[in-house]
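Please keep the structure at hand as you read.

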Amino acid sequence: MSWIKEGELSLLEKISANILKAGPMPKHVAFIMDGNRRFARKKNMERQEGHMQGFNKLAETLRWCKHLNIPEVTVYAFSIENFKRTKDEVDGLMELAKQKFERLLEEHENLEKHGVCVRVLGDLNMLPLDLQQLIAKAVFTTRNHNKCFVNVCFAYTSRYEITNAVREMAWGVEQGLIKGSDVSEALLSECLYSNNSPNPDLLIRTSGEVRLSDFLLWQTSHSCLVFQSVLWPEYSFWNLCEAILQYQLNHKSIQKARDLHREHQALQQLEADRACVVELLQHHGNGKPVESQRRQEALLHYTACREERVRDFLEALKHKRDSFFSDLCSESLLA
């Protein structure tokens, strides 16, 4: 149940990997690891064994990504919707998660050697306290590693994440850290659980289902989406290569869409700043016309103040989130 499987690629896999790496490679790949239960039924095994096989496949996939120079992977491990499954299955998944994170803490030296940083994205308050504490320890143990990143979405849905980001901005306004006019699409992105990561270049879903199931809806608006029929525990190096090839074939159009979106976002922010400045100048000038130079100076000043407010707010938000994990670690030591 190791998180990182050791071992080299076969000669044919190495040759294929080198050919792929000659083209544009995704830097961040997200997986919806679907098909564990169907795999268990197909092999006449217990559901829990299917989930165990799914975790083993994740470890193998992380090894492939390492050899393909893909530094960041995000996986959909447990949806908030999964709490609606039978109590036995949910309890089994919680127990499996505990085993996984206990194992992660045991092999911290191996993770340090490979520079693996593990992050957990979701509402940990929904989980049993002992699992919360294990996750907090795992996140803290690996937080300074920076060679590759594994983001585990646990007790997560995208709609919940977006709703939570809106709550965080509302908290910032209530605390006087930001103004209502500072709220923007870019700021919301910074308030998501995934704010430390670039958006995925490639999202892969296995098992033949063609839907996102409330996973990274905000982050994948300009990502390559690949749906594959293979069940997750049967996923292979060649399936991954096929998905990367799809990304490479669509790379130019994806990059163009991202560039256009960045330009549009910058223009939106500039227009919003200008509107605020006009309102302020009209208020202070009793509605009298303002010369162009003064408007430009006021715009530069307003923009600098807004950016400073946003920086201070994001720093406060980071401190709040870091404190949540450090408090959990402290509680586990006292227990």
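Which residues line the largest cavity? They are H28, T74, L121, N151, S194, S197, P198, L216 and Q219. This is a predicted model, in which local features need pLDDT of at least 70 and side-chain atom pairs count only at pLDDT 80 or more, while totals for chains, interfaces and linings use all residues. Residues are numbered from 1 along each chain as its sequence is written, and side-chain values use heavy atoms, with hydrogens and water left out.

A search of the whole structure for cavities of 30 Å³ or more finds 1. On a 1 Å grid over the protein atoms alone, a cavity is a set of points where a 1.4 Å probe fits but cannot get out; a pocket is an open set with protein on both sides within 12 Å along at least five of seven lines, and lining residues have an atom within 4 Å of a point. Grid points are joined across faces, edges and corners, and a volume is the space filled by probe spheres set on the points.

Ala, Val, Leu, Ile, Met, Phe, Trp, Tyr, Cys and Pro count as nonpolar, Asp, Glu, Lys and Arg as charged, and the others, Gly among them, as polar.

| Space | Volume | Lining residues by class |
|---|---|---|
| Largest pocket | about 910 Å³ | 14 nonpolar, 9 polar, 10 charged |
| Second largest pocket | about 750 Å³ | 16 nonpolar, 7 polar, 10 charged |
| Largest cavity | about 40 Å³ | 3 nonpolar, 6 polar, no charged |

The largest pocket has a volume of about 910 Å³. Its lining has 33 residues, and Y193, N196, R321, D322 and F325 are the closest to its centre. Two or more lining residues come from each of β3 (116-121), α6 (129-142), β4 (148-156), α7 (158-174) and α10 (292-334). Helices (H or I, at least four residues) and strands (E, at least two) are DSSP runs, numbered from the N terminus. The largest share, 8 residues, belongs to α10.

In the second largest pocket, 33 residues form the lining, and M33, D34, A77, N82 and R85 lie nearest the centre. Here the elements giving two or more residues are α2 (36-42), α3 (47-67), β2 (72-79), α4 (87-106) and β4.

Finally, a helix pair. The axes of α1 (residues 11-21) and α9 (residues 237-284) come within 11 Å and cross at roughly 10 degrees, so α1 is roughly parallel to α9 (angles under 35 degrees count as such). Axes are lines fitted to C-alpha atoms, for helices over the stretch in contact, and angles run from 0 to 180 degrees between N-to-C directions. In contact (heavy atoms within 4.5 Å) are L12, E13, S16, A17 and L20 of α1 with F237, W238, C241, I244, L245 and Q248 of α9.

Conventions: Angles under 35 degrees count as roughly parallel, over 145 as roughly antiparallel, 65 to 115 as roughly perpendicular and the rest as oblique.
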